Amino acid sequence: MPEKITNEFLKYRRVISSLLSKVRPLASQQDIEDILQETYINTYKSAQKQEINFPKAFMVKTALRLANRSIVLARRMDCDEAIEKHSDESRFCYDASIFV
């Protein structure tokens, strides 16, 4: 079974990569490669636990979920950075108002 998953992944890797490029147009090639690698690992582990009848569909769905999760994480990081930046600015404004 693992050989089948590896062969299926290699067969559809380019298609999944292309799909990821369309779903995440701003993603770097390295980000897409990371998602592809995680897709393979997750699919391989799942195949060891249960039979995957439609490997292409399983891999596409896995890749899309991973891409969506990476978008959410990136947004959270952006929000955290914005909050941190603004909290530093407001602290300085607050400190300055004490001396007025």
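The protein contains 3 helices and 0 strands, and its elements follow the order α-α-α from the N terminus. Helices (H or I, at least four residues) and strands (E, at least two) are DSSP runs, numbered from the N terminus. The model is a predicted one, in which local features need pLDDT of at least 70 and side-chain atom pairs count only at pLDDT 80 or more, whereas totals for chains, interfaces and linings use all residues. Residues are numbered from 1 along each chain as its sequence is written, and side-chain values use heavy atoms, with hydrogens and water left out.

Of the 100 residues of the protein, 23% count as buried; buried denotes under 20% relative accessible area, exposed over 50%, and partly exposed the range in between (1.4 Å probe, protein chains only). The protein exposes about 7500 Å², of which carbon and sulfur atoms supply 57%. These areas come from the Shrake-Rupley method with a 1.4 Å probe; for residues, only the protein chains shown count as cover. Among contacts (heavy atoms within 4.5 Å) with a separation of 6 or more, 65% are accounted for by residues 24 or more positions apart.

In soluble globular proteins, nonpolar side chains tend to be buried together. A nonpolar core is defined as a set of buried Ala, Val, Leu, Ile, Met, Phe, Trp, Tyr and Cys residues joined through side-chain atoms within 4.5 Å. The largest such core in the protein has 13 residues, and those with the most contacts inside it are Ile 16, Leu 20, Ile 32, Ile 35, Leu 36, Met 59 and Ala 63. At least two residues of this core are supplied by each of α1 (2-23), α2 (29-49) and α3, with α3 giving the most, 5 residues. With neighbours within four places in sequence left aside, Leu 20 is in contact with Ile 32, Ile 35, Leu 36, Ala 63 and Ala 67.

Rings of Phe, Tyr and Trp (its six-membered ring) pair if their centres lie within 6.5 Å; planes under 30 degrees apart count as stacked, over 60 as edge-to-face and the rest as tilted. Phe 9 and Tyr 40 form a tilted pair, at 5.1 Å centre to centre and with 55° between the planes. Phe 9 lies in helix α1 and Tyr 40 in helix α2, so this pair ties together parts that are 31 residues apart in sequence. Phe 9 is buried, at a relative accessible area of 7%, while Tyr 40 is partly exposed at 23%. Tyr 40 also forms a tilted pair with Tyr 44, at 5.8 Å centre to centre and 40° between the planes. Both tyrosines lie in helix α2, 4 residues apart, or about one turn of the helix. Tyr 44 is partly exposed, with a relative accessible area of 27%. Phe 9, Tyr 40 and Tyr 44 form one aromatic cluster.

Ser 70 is located in helix α3 (residues 55-98) and counts as partly exposed at 22% relative accessibility. Apart from neighbours within four places in sequence, Ser 70 is in contact with Arg 24 and Ile 35. The C-alpha atoms of Ser 70 and Ile 35 are 8.7 Å apart, across 35 residues in sequence. The side chain of Ser 70 makes a polar contact with the side chain of Arg 24 at 2.5 Å. A polar contact is a pair of N or O atoms within 3.5 Å; within protein, one must be able to donate a hydrogen and the other to accept it, and residues adjacent in sequence count only if both atoms are side-chain atoms. A polar atom of the Ser 70 side chain also lies 2.7 Å from the backbone oxygen of Ala 67.
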